[in-house]
Amino acid sequence: MPIYLDHNATAPLRPQVLESMLPWLRGRWGNASSAHGPGREAKKAVELARAQVAGLLHCRPEEILFTGGGTEANNLALRGACLARRGQGDHIIVSAVEHHSVLRCAEDLAGQGFQLSRLPVDRDGLVRPESLGSALTGRTILASIMHANNEIGTIQPIPRLAEALRKRSILFHVDAVQSAGKVPVDVRRLGADLLSLSAHKMHGPQGVGALFVRQGVSLRPVLQGGSQESGLRPGTYNVAGIVGLGAAALLAGRGLAVEAAYLEAQRGRLEQGLRELEPRAVFLGAAAPRLPNTSAVCFPGRDNQALVANLDMRGIAVSTGAACGSSDREPSHVLKALGLDPALARSVIRFSLGGSTSVEEIAETLAALKAVLGEVPRR
Ligand code: PLP
């Protein structure tokens, strides 16, 4: 079995989550919109999952919409809110380090006549509340800023950012795909009007997610079809996936504090070992609040693709950054936004740990990396 340290790309399905899903893939096949018994059973399972997701986010079940993943939740939030508010303004704000599912959606909206501002971040990847304040105009209708960054793990000061927006009744969307299930996500404390999450980042199934839509916020649907999810997300319910998302949310919520402390201790062990192997290593975002499982490290002068490939040959799965951009040689938009020198950016490896990452696995990873640093000389 490889040592898997790429949980920000996707996290393995928890056995209890799989167990919760299996009946809906075997004997129970009702369409959750059907009026007969099997349909009502399926609908009951969907509603239980809705309550479980709402429990994780501290909101009402009616404020949860199920989607086909984080990308779709982000698209529905941005497009749905902008189209619903078109008469009130045309300016949207995103941070420069958003996931492509926010950035490219915002760019597409800009192509349709919306004005787009991209907020810079500091060297640790943080958006400064002052820069959000000075980007606001009388025509701003929406800001979208992620809770935690997928590449470097930096956690944004969301409640402070929300303050400036609330005063002006500007909608605030928060992409919490990486943070939900890893750190507390309370939509009221954060001050989010819309918030996205994805099951597979918290040991649930791939291809299912949710969007929190604060009561009173209107969206225009992106897809046209049936009346599921109040017409906002038409399409036959993915009952097994939604049940898996609910179970993953419940389990993540229950174990949150213990798992976060464990992950932080394991990451500390890893980073200490990395410092000993490579005293020149640079830990990105380390001066800011970070996800407890994430460590993005520069190995100055080394080629990150060669490091990742050689670690892979030794059975260690890590990445150079986001899985969706892993074939690009160009440094990611996140690393560019940090102002990292391009050569340094090409030396970054992202380690993202999970609750099953053991002390032995950290020791084996460090031993493999020691060998790999000998095989991949400095340029
Ligand atoms: N947002 C962030 C921050 C992510 O890291 C990801 C996935 O990597 C997504 C959104 C997209 O989620 P999904 O893979 O469920 O489409």
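Good morning. The centres of domain 1 and domain 2, taken over C-alpha atoms, are separated by 27 Å. Please bear in mind throughout that this is a predicted model.

Let me begin with how the chain is divided. Domain 1 is assigned two stretches, 3-11 and 256-375, while domain 2 covers 15-254.

How many residues of each domain are in contact with the other? On the side of domain 1 there are 32, and they meet 34 residues of domain 2. The size of an interface is often given as the accessible area lost when the parts come together. Between domain 1 and domain 2, the buried area is about 2600 Å², and carbon and sulfur atoms give 57% of that area.

Which elements of domain 1 supply at least two residues each to the side that touches domain 2? They are helix 8 (239-277), strand 10 (294-298) and helix 10 (333-337). Helix 10 provides the largest share, with 4 residues. Sorted by class, this side of domain 1 has 19 nonpolar, 10 polar and 3 charged residues.

The structure as a whole does hold salt bridges, 18 in number. One involves Arg233 and Glu72, whose closest N and O atoms lie 2.7 Å apart.

Finally, we come to the ligand. Which residues are closest to the ligand? Of the 14 residues that surround the ligand, the closest are Gly70, Thr71, Asp175, Ser198 and Lys201. In the side chain of Asp175, an N or O atom is 2.7 Å from a nitrogen atom of the ligand. For Ser198, a side-chain N or O atom is 2.6 Å from an oxygen atom of the ligand. For His200, the corresponding distance to an oxygen atom of the ligand is 2.9 Å.

Thank you for your attention.

Definitions and conventions
Residues are numbered from 1 along each chain as its sequence is written. This is a predicted model: local features need pLDDT of at least 70, side-chain atom pairs count only at pLDDT 80 or more; totals for chains, interfaces and linings use all residues. Side-chain values use heavy atoms; hydrogens and water are left out. Domain bounds come from an automatic or database domain assignment. Contact means heavy atoms within 4.5 Å. Buried area is the accessible area (1.4 Å probe) that two parts lose on being put together, summed over both. Ala, Val, Leu, Ile, Met, Phe, Trp, Tyr, Cys and Pro count as nonpolar, Asp, Glu, Lys and Arg as charged, and the others, Gly among them, as polar. A residue is near a molecule or strand if one of its heavy atoms lies within 4 Å of it. A polar contact is a pair of N or O atoms within 3.5 Å; within protein, one must be able to donate a hydrogen and the other to accept it, and residues adjacent in sequence count only if both atoms are side-chain atoms. A salt bridge is a side-chain nitrogen of Lys or Arg within 4 Å of a carboxyl oxygen of Asp or Glu.
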